[in-house]
Amino acid sequence: MPNVGDSGSVMKIASFNVNSLRARIGNVLTWLRTAKPDVVLLQEIKCLDTDLPKLEIEDLGYNFEAVGQKSYNGVAILSKHPFMVEERRLPGGEGDDHARYIEAVVDVAEGKRHKALRVASIYLPNGNPVDTDKFSYKLKWLERLNDHAQQLLDLEEPLVLGGDYNVAPTDDDVYDPAAWVNDALCRPESRAGYFRLLNLGYVDAFRALHGAEAHRYTFWDYQAGRWQRDEGLRIDHLLLSPQAADSLDECDIDKTPRNGDKPSDHTPIWCSLDL
DNA sequence: ATGACAGTTGAAAACTGA
């Protein structure tokens, strides 16, 4: 009788800001077929739940839940494994009706054993211009995320908080730090909010495995040939709870979709966890 | 010095994004 032992299931989890799911459905389906992630966190789907190209995604074997909004924002979770949505808004924001957060618990079955993997798809506010209430909204949202992230740590579960954080953590994550010094993506207040998450105990999956590598990006502006010059920013992140970090196997940025026809300005970041 | 690019809305040009 072969003994499968305690080596568990390998789960590939990816995050992708698609900049409109309807405009990008062909690109997304192609990427799903080739990259074959088990769980996908989408941002900027830019449409109501009811207008989503749901069937085409379900045809590839994914369960699909979204928090949509007309024209702007919008987040979603796709998973080949069944899951239960736990939150459709980031807790704590009175009157905040932006579709920027969805959290779920994925049932990872391995034979008779069942494990829970918690994931959240996060679309943090951009925050520009910094002299407006858009920036204070961003900082308040980061505070709320810290509060909720602290609560989630108490569950002691494998957890991936993934998405478009709209924060470039250090100057190594920016092609031209001097040009971005006063941008909301690089301001010290934004970076401080991000590093508070790490100080709680979350691990930046990419930095954990590629610590010495500078200038690895997840976003390139459409304008001024930024993609062709590889002038981008690393603003999409997978933050892992300690239990998820213990299971971290691989993490990388998949630049292939950014090179496709009519691409998003972001490209997916993914990690694999051996749960 | 300026605009560049892309998507949505809604029917032209404004708004948003990073």
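The following legends accompany close-up views of a predicted model.

**Figure 1**
The secondary structure of chain A consists of seven helices and 12 strands. Its radius of gyration is 18 Å, close to the 19 Å given by the globule rule for 275 residues, so chain A is as compact as a globular protein of that length. The C-alpha trace of chain A extends over about 65 × 40 × 40 Å along its principal axes. Buried residues make up 41% of the 275 residues of chain A. Of the contacts in chain A between residues at least 6 apart in sequence, 68% link residues at least 24 apart.

**Figure 1. Strand β1 and its two pairing partners, β12 and β2.**
Strand β1 covers residues 10-17, and six of its eight residues are buried, so the strand is largely enclosed by the rest of the structure. With strand β12 (residues 269-274), β1 pairs in the antiparallel sense through six bridges. Within this pairing, V10 has D274 of β12 as its bridge partner. With strand β2 (residues 39-43), β1 runs parallel, and five bridges join the two. Here, N17 has Q43 of β2 as its bridge partner.

**Figure 2. The β-α-β unit built from β1, helix α1 and β2.**
Helix α1 comprises residues 25-35 and forms, together with β1 and β2, a right-handed β-α-β unit.

**Figure 3. The open sheet of six strands.**
The strands follow the order β5-β6-β7-β8-β10-β9, and their pairing is mixed. At the edges stand β5 (83-87) and β9 (203-204); each has a single partner strand, so one side of each is left without a neighbour in the sheet. Strand β6 (residues 101-110) and strand β7 (residues 113-123) pair in the antiparallel sense, with 10 bridges between them. A104 is placed opposite V119 of β7.

When residues up to four places away in sequence are left out, E110 touches G8 and S9. A separation of 33 Å lies between the C-alpha atoms of E110 and R24, which are 86 residues apart along the chain.

**Figure 4. The loop that holds G211, between α6 and β10.**
This loop connects α6 (205-209) with β10 (236-240). G211 has 8 C-beta neighbours inside 10 Å and therefore counts as exposed. The C-alpha atoms of G211 and R22 are separated by 35 Å, and the two residues are 189 residues apart along the chain.

**Figure 5. Residues of the surface near DNA strand B.**
There are 22 residues around DNA strand B. Those that come nearest are S20, S71, N126, Y222 and Q223. By residue class, the surface near DNA strand B divides into eight nonpolar, eight polar and six charged residues.

Terms used. Residues are numbered from 1 along each chain as its sequence is written. Chains are lettered from A and ligands numbered from 1 in the order in which they are written. This is a predicted model: local features need pLDDT of at least 70, side-chain atom pairs count only at pLDDT 80 or more; totals for chains, interfaces and linings use all residues. A residue is buried if 20 or more other C-beta atoms lie within 10 Å of its own, exposed if 12 or fewer, and partly exposed in between; C-beta atoms are placed from the backbone. Helices (H or I, at least four residues) and strands (E, at least two) are DSSP runs, numbered from the N terminus. Two strands pair if DSSP finds at least two bridges between them. A crossover is right-handed if, with the strands pointing away from the viewer, the path from the first strand over the helix to the second runs clockwise. The radius of gyration is taken over C-alpha atoms; the globule rule is 2.2 Å times the number of residues to the power 0.38. Two residues are in contact if their C-beta atoms, placed from the backbone, lie within 7 Å. A residue is near a molecule or strand if its C-beta atom, placed from the backbone, lies within 6 Å of it. Ala, Val, Leu, Ile, Met, Phe, Trp, Tyr, Cys and Pro count as nonpolar, Asp, Glu, Lys and Arg as charged, and the others, Gly among them, as polar.
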